[in-house]
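Here is a short briefing on one protein chain. Look over the sequence and the model first, then read the points below.

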Amino acid sequence: MSTMTVSYEDATARYEPVIGLETHVELGTRTKMFCGCPTEFGAEPNTHVCPVCLGLPGSLPVANRAAIEATIRIGLALNCTIASWCRFARKNYFYPDMPKNFQISQYDEPLCVDGWLDVLIDGQTVRVGIERVHLEEDTGKTLHLGGATGRIHGATESLVDYNRAGIPLVEIVTKPVPGTGARAPQVARAYVTELREVVRSLGVSDVRMEQGSMRCDVNTSLNRPGEPWGTRTETKNVNSLRSVERAVRSEILRQAALLDEGGRIVQETRHFHEDTGDTRPGRSKETATDYRYFPEPDLVPLAPDPAWVATLRAALPESPRARRDRLQAAWGLSDHDMQSVLNAGALALIETTVAAGTTPEAARKWWLGELSRVANETAADLGTLATPSQVAELQKLIDDGKLTDKLARTVLEGVVSGEGSPAEVMAARGLEVVSDTGALGAAVDEAIAANPDVAAKVRDGKVAAAGVIVGAVMKATRGQADAKTVRELVLARLTG
Ligand SMILES: [Zn+2]
């Protein structure tokens, strides 16, 4: 264990990091990869199982066409070449959460190869090469009970749930990414962020890292300038975007300290620890030969019809990057303002609000202002606080003179706390702007009577003094009067 510490600046000045990412995406197909079992999350343990996904003798797998289609679409969106012929392979290893004692995966004949994904770092494009996109099946889930950490160490019993076993899983492997220097952690994070956007835009997975439907392994190595690439470590199951960045940074620091001491980096699997922000060694890394891969004898080869692939290619949605560029231009936003929209996770919300008839400025004001503030304070998802149509309705009420800005904020509070649509909140709380001159007349007369000195000044031509009386009316009507109408009424009585 190294005791030396290095600063990040020193480490990246003396060593060049090379990163690589392997991302697993659980597909949102209705049924599993090789059987008809449902895939819904959160069912009673071991209720979504059958002889095929339990690996019982004599059962035979049949490949899920929807999963193959989703994988090809991911490959196409990542600019890959789609294989005209490929096969599934058996990856043999024993693990209690894998009932067949092998995983059906793809080995030397993946479905999609040789693509790329561009990511933007500080206004500069970094192209990340995609080595392969292949299709495999997920394992079950092991639950270790009795220990403090949920890990096997210290556990008194272990339970296994096979509901997840056999759910289609797409693995997306990058080529090694050299040359990013001190920005390597940022590049890793930006890549996973963009990949998540791409997969989400295709509608093939809900890509929720916190629920495990998107999981990331991060490879990191260091070399001195001019020397060959170093030995890489693989940090497993990094479960948030922030952790992707921290895991790379932490490995750079650890490896630099070790290399400074003349130590040797061991090729191994490491685990990222969310609490400490560092990585700890796991098992030593298996090599491909340990898995005794061979072509899966129970499945026919996969030969996607080129016409089908062409149809899928033609039907791809606009890429997330093209969409962002288009909306930024349409809304007239600076790079900085656009970044704020993206950071708030408000792009689609604003887009839908604008589509409902609101101006981009107003839509942005509500989502990035009041609603983002509540989201931050309550750690809620922005999209759960209000719907775009509610925000559009609220803004229309202001534009129609039925709400002041101040009243609208109160109405929005009601919407956020689940009291219904803006119109419903207004009705229930009695919040409409009072612009009915009959109703306001009495309040105006009272305010003039209560401020005889001010009234006299206005009568003498000091029109600016009328503000005091307008203010008194606004106060008496709890801010629900339309200030413009009140002012007109006051002046009509005193100067007309
Ligand atoms: Zn099954």
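A residue counts as buried if 20 or more other C-beta atoms lie within 10 Å of its own, with C-beta atoms placed from the backbone. By that cut-off, the buried residues of helix H2 are Ala 67, Ala 70, Thr 71, Ile 72, Arg 73, Ile 74, Gly 75, Leu 76 and Ala 77. The model is predicted.

**Helix H2**
- H2 covers residues 65-77. At 1.5 Å a residue, its 13 residues should span 18 Å, and its end C-alpha atoms are 18 Å apart, which agrees.
- The cover over its buried residues includes strands S2 (81-82), S5 (112-121), S6 (124-137) and S9 (168-174). Helices H3 (184-202) and H5 (306-314) also contribute to that cover.
- Just after H2, Asn 79 has a positive phi of about 60°.

**Nonpolar cores**
- The largest nonpolar core has 67 residues, and Val 133, Ala 188, Tyr 191 and Val 218 touch the most other members.
- At least two residues of this core come from each of S1 (16-26), H2, S5, S6, S9, H3, S10 (214-223) and H4 (241-260).
- H3 gives the largest share, 9 residues.
- Leaving aside residues up to four places away in sequence, Tyr 191 touches Leu 21, Leu 117, Val 119 and Val 128.
- A second, separate core of 43 residues includes Trp 366, Leu 371, Ala 386 and Leu 394.

**Whole chain**
- The chain has 18 helices and 14 strands.
- Its radius of gyration is 31 Å, well over the 23 Å that the globule rule gives for 496 residues, so the chain is more spread out than a compact globule.
- The C-alpha trace spans about 100 × 55 × 55 Å along its principal axes.
- Buried residues make up 36% of the 496 residues.

Note on methods
Residues numbered from 1 in each chain as written. Predicted model: local features only at pLDDT ≥ 70, side-chain atom pairs only at ≥ 80, totals over all residues. Helix = DSSP H or I, 4+ residues; strand = E, 2+ residues; numbered from the N terminus. Expected span 1.5 Å × (residues − 1). Buried ≥ 20, exposed ≤ 12 C-beta atoms within 10 Å, placed from the backbone. Contact = placed C-beta atoms within 7 Å. Core = buried A, V, L, I, M, F, W, Y, C linked by C-beta atoms within 7 Å. Rg over C-alpha atoms; globule rule 2.2 N^0.38 Å.
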